[in-house]
Amino acid sequence: MITTVFGRNSPRTAVPPANPDGPAEHPGMSGGLIEVKGAAKSYGSTPALTGVDLRIEPGRFAVLLGPSGSGKSTLLRSIAGIERLDSGSISLNGTTVSSASMNVPPERRDLGMVFQDYALWPHMTVAQNVGYALRRRKLRSAAATMLITEMLERVGLTGKASSYPPELSGGQQQRVSLARALVGRPSLILFDEPLSNLDADLRERLRLEISTLTRETGASALYITHDQSEAFALADEIGVLREGTLEQYGRPEEIYNNPATPFVARFTGVGGTLAGIVTQGHGDRVTVRLGDSEVYCRPAGNLKPGDEAIVQVRPAATRLSLPEHSRPGQAPNHASLPGSAGTLAGRVLDVAYRGRTYDHVVEGPWGRLTSVSAPAGLPRGADCLVTVDPEAAIAFGTTPGAH
Ligand SMILES: Nc1ncnc2c1ncn2[C@@H]1O[C@H](COP(=O)(O)OP(=O)(O)OP(=O)(O)O)[C@@H](O)[C@H]1O
């Protein structure tokens with residue numbers, strides 16, 4: 001985490017950014033093109049970004065997802081102009097704004113920002129905070145008042161124009177911050193984990209408002225979070241960062257269905273990672289032996305028999321059933337035929353009620369799956385079968401040079 005006057009960790013009374021707001025030069029523009037090329041940045045001997053390339057098309061809502069310390073804030077703050085790159089460049093709408101030798105200040109970048117800690121002026125009213133974003137527009141005060149009133153209405157704060165930020169709840173303060181970012185119609189809006197300080201219910205509601213209102217303005221957006229469900233709920237495109245490197249950037253479906261690396265798969269939701277040996281390939285399927293069982297998977301890259309592999313199983317890829325000996329009178333079920341999904345015999349270690357379904361933790365000689373869902377709960381200790389859908393079980397080679 002970073003602490004600066006602009007940072008997420010600054011206290012509620014922090015001075016807001018020099019310009020957390022709207023367009024200085026091109027009011028009324030819609031989404032801008034953002035191009036990041038070879039962006040690198042270290043803090044002393046700690047690398048934060050190690051050569052990131054990223055292109056966000058105009059009007060797209062991009063989300064950067066990554067664990068703590070992966071470089072999300074550094075990239076966002078470099079795009080904002082708050083941090084300087086060591087090498088590489090950033091351009092907005094075709095104009096270079098950051099490079100090793102130059103750094104256009106935030107207030108000249110035609111962007112708005114929403115921070116985790118709101119960064120509102122405590123001594124200004126709500127209307128003045130929002131109006132701060134319009135100060136460069138030299139609007140007549142009646143026109144500015146109209147824009148501010150409209151914006152406050154949009155974010156559900158009609159009647160709070162004369163309140164001061166410390167008189168508002170966290171959710172209301174974040175709405176003021178959103179109004180301030182949107183009112184000037186910048187071509188780019190940056191979101192620095194804006195929902196992290198809010199409770200679950202409010203997070204959900206505000207997330208929807210951020211999504212809807214931002215898309216209505218037509219602005220491009222870059223949003224950082226470590227929460228995969230937030231990323232998938234908001235994004236047109238998701239970028240997954242790890243240790244200062246962008247491991248993959250693409251549509252949510254691409255990221256989920258074709259994760260480029262085991263890390264991307266793990267960070268976007270897996271219900272288990274199982275280690276085994278590839279025994280067969282059938283075109284776009286491989287068979288992986290896990291102990292005395294086999295599963296059928298989609299290979300990430302080229303895998304051949306004998307390769308060591310890990311299988312990342314998406315939670316939606318499993319189906320739970322009782323073994324034959326627990327279903328008297330039923331014919332044997334040879335589920336483990338090539339081309340069909342493999343079945344793993346195991347035992348229920350834990351079970352949790354999740355509303356419409358039950359989530360089971362199932363263990364066997366092949367490993368452990370942590371999120372096996374079923375409409376009815378099996379008791380702890382019960383023998384069971386887990387059928388794995390090959391479409392959502394992805395095998396990555398782990399033999400050096402295997403792919
Ligand atoms: N001002 C700073 N001084 C020294 N090191 C820093 C500074 N800011 C970031 N770093 C380091 O740079 C790396 C990337 O940090 P960054 O804050 O960009 O990651 P992040 O993904 O946003 O993490 P978090 O979600 O915890 O804020 C980390 O190793 C971090 O410790």
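Tutor: In this predicted model, the axes of helix H4, residues 170-183, and helix H5, residues 200-217, come within 11 Å and cross at roughly 10°. Because angles under 35 degrees count as roughly parallel, H4 is described as roughly parallel to H5. On the H4 side the contact is made by Gly-171, Gln-174, Arg-175, Leu-178 and Leu-182, which meet Leu-202, Leu-206, Glu-209, Ile-210, Leu-213, Thr-214 and Thr-217 of H5. Sorted by class, the contact of H4 with H5 has 6 nonpolar, 4 polar and 2 charged residues.

Turning to the aromatic rings, the structure holds 7 aromatic pairs. One of them joins Phe-61 and Tyr-223, whose ring centres are 6.1 Å apart and whose planes stand at 40°, so this pair is tilted. Phe-61 belongs to strand E3 and Tyr-223 to strand E8, so the pair ties together parts that are 162 residues apart in sequence. Phe-61 is buried, with a relative accessible area of 2%, and Tyr-223 is buried as well, at 0%. Ring pairs also link Phe-61, Phe-191 and Tyr-223 into a cluster.

Another aromatic pair, formed by Phe-232 and Tyr-256, is edge-to-face, with 6.1 Å from centre to centre and 90° between the planes. Phe-232 lies in helix H6 and Tyr-256 in helix H7, so this pair ties together parts that are 24 residues apart in sequence. Phe-232 counts as partly exposed at 25% relative accessibility, and Tyr-256 is partly exposed at 27%.

Terms used: Residues are numbered from 1 along each chain as its sequence is written. This is a predicted model: local features need pLDDT of at least 70, side-chain atom pairs count only at pLDDT 80 or more; totals for chains, interfaces and linings use all residues. Side-chain values use heavy atoms; hydrogens and water are left out. Axes are lines fitted to C-alpha atoms, for helices over the stretch in contact, and angles run from 0 to 180 degrees between N-to-C directions. Helices (H or I, at least four residues) and strands (E, at least two) are DSSP runs, numbered from the N terminus. Angles under 35 degrees count as roughly parallel, over 145 as roughly antiparallel, 65 to 115 as roughly perpendicular and the rest as oblique. Contact means heavy atoms within 4.5 Å. Ala, Val, Leu, Ile, Met, Phe, Trp, Tyr, Cys and Pro count as nonpolar, Asp, Glu, Lys and Arg as charged, and the others, Gly among them, as polar. Rings of Phe, Tyr and Trp (its six-membered ring) pair if their centres lie within 6.5 Å; planes under 30 degrees apart count as stacked, over 60 as edge-to-face and the rest as tilted. Buried means under 20% relative accessible area, exposed over 50%, partly exposed in between (1.4 Å probe, protein chains only).
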